[in-house]
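Trainee: I am new to this structure. Can we go through it in questions and answers?

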Amino acid sequence: MMTTTCSIPRSKHHYSGLIETLTESVELESLSNWQRMDALGKLTGQVAHDFNNLLMVFQSGVEIIKRRQIDDPRVSRIVVNMSEGVARGKLLTRRLLSFASRSNQGAEQIVLQTKLSSSESIMRQALNDTITLEMKVAEDVWAVHADPAAFEIALINLLTNAREAMEDGGKVTISAQNVTDAAEEDGKLYGPFVAIAVADTGKGISASHLGRLFEPFFSTKGDKRPGLGLTQVYSFSKSSGGAAKVTSVLGHGTAFSIFLPKPHETIPSGIVCPGSEDLPKTVLVVDDTPASLAAAKATVETLGLPFITAKSGTEALGCGLIS
């Protein structure tokens, strides 16, 4: 017996519907990843907030002890160690908040030449001995307005990503250039920005993956565990009022660019702002956490300044010192 198999031709409408279904599936997966990222960010932010309140209590205690005369050198060393521990804890908290928050509360003016020079040691630790690091930042490059800790984390994440793309070694170049009108690079930006680029000589990334690199938990590294490093870079850039871009050529390498805004006003170091000498004669201490409020109160007391306390913003407004 002979069996005949007939193939039924598919219409263009059928394939179009299939493509739409697949596209919707990818979009839903991407949305799900961002929702998980948002939930993780909120949880991280709450932990960082609570941890920061504890650090405030510890820091206040350390500062009070420092102001007292300590004759025992062992106690002095312990106080120094405690102070260093609090400083490291504060840096950790800022890093957690930079991941969790979409705000830019810690933003300040960053002189790139100085920042990159001071961070060079920790940035080299993100690479390995088979990779060389080169920095090209001209003296006329503008300062930028961003959170210094979050900026450092973003650079480390980009360097880590570059290291994983160059298993056999290579070169990473960090450069910066002024962009007079960022709208030419990104239609959502306006005005003067600085583009900080991290370029590697790795294997590159296919064009089909470029659009998903900043998604949470997306990875092109196969069985390696996907991380949130590039997502932090994207979130940091956005919260700073800028953008993150990526270009790549297979077999030649990848370049990530972070666009950060130029500060609107620059205050030269050593210049005192007008009116700073007219400080208020009464200090208002406000905190909704009892332990943190007590710690702040103790610190102000050691300074010998008159003060009043409030347990909330509403109570502070009723004190008559602010309006």
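Trainee: Which residues have the most contacts inside the largest nonpolar core?

Mentor: Keep in mind that this is a predicted model. Its largest nonpolar core has 37 residues. Those with the most contacts inside it are Leu112, Leu159, Val172 and Ile196.

Trainee: What does Leu159 touch, not counting residues up to four places away in sequence?

Mentor: Leu159 is one of the core residues with the most contacts. Leave out its neighbours up to four places away in sequence. Its partners are then Met123, Ala126, Leu127, Leu133, Val172, Ile174 and Val198.

Trainee: At what angle do H5 and H7 pack, and how far apart are their axes?

Mentor: Two numbers describe a packed pair of helices: the angle between the axes and the distance between them. Helix H7 covers residues 229-239. Its crossing with H5 is left-handed. The angle is about 140°, and the axes are 9 Å apart.

Trainee: How do the residues of the contact of H5 with H7 divide into nonpolar, polar and charged?

Mentor: H5 brings Ala150, Phe151, Ile153, Ala154, Asn157, Leu158 and Asn161. H7 brings Gly229, Leu230, Gln232, Val233 and Phe236. The division is 8 nonpolar, 4 polar and no charged.

Trainee: Is Thr231 buried or exposed?

Mentor: Thr231 sits in helix H7. Its relative accessible area is 1%. Buried means under 20%, so Thr231 is buried.

Trainee: Which backbone atom does the side chain of Thr231 reach?

Mentor: Look 17 residues away along the chain, at Phe214. The C-alpha atoms of Thr231 and Phe214 are separated by 4.8 Å. At 3.1 Å, the side chain of Thr231 reaches the backbone oxygen of Phe214.

Trainee: Why does Ser248 count as buried?

Mentor: Ser248 belongs to strand E6, residues 243-249. The cut-off for buried is under 20% relative accessible area. Ser248 counts as buried because its value is 19%.

Trainee: Which backbone atoms does the side chain of Ser248 reach?

Mentor: Ser248 touches Gly204, Ile205, Leu210, Gly253 and Thr254, leaving out residues up to four places away in sequence. Its side chain reaches one backbone atom at 2.7 Å, the nitrogen of Ile205. At 3.1 Å, the side chain of Ser248 reaches the backbone oxygen of Gly253.

Terms used: Residues numbered from 1 in each chain as written. Predicted model: local features only at pLDDT ≥ 70, side-chain atom pairs only at ≥ 80, totals over all residues. Heavy atoms only, no water. Core = buried A, V, L, I, M, F, W, Y, C linked by side-chain atoms within 4.5 Å. Buried < 20%, exposed > 50% of the residue type's maximum accessible area, 1.4 Å probe, protein only. Contact = heavy atoms within 4.5 Å. Axes fitted to C-alpha atoms, helices over the stretch in contact; angles between N-to-C directions. Helix = DSSP H or I, 4+ residues; strand = E, 2+ residues; numbered from the N terminus. Left-handed = near helix turned anticlockwise from the far one by under 90°. Nonpolar A, V, L, I, M, F, W, Y, C, P; charged D, E, K, R; others polar. Polar contact = N/O pair within 3.5 Å; in protein donor to acceptor, adjacent residues only side chain to side chain.
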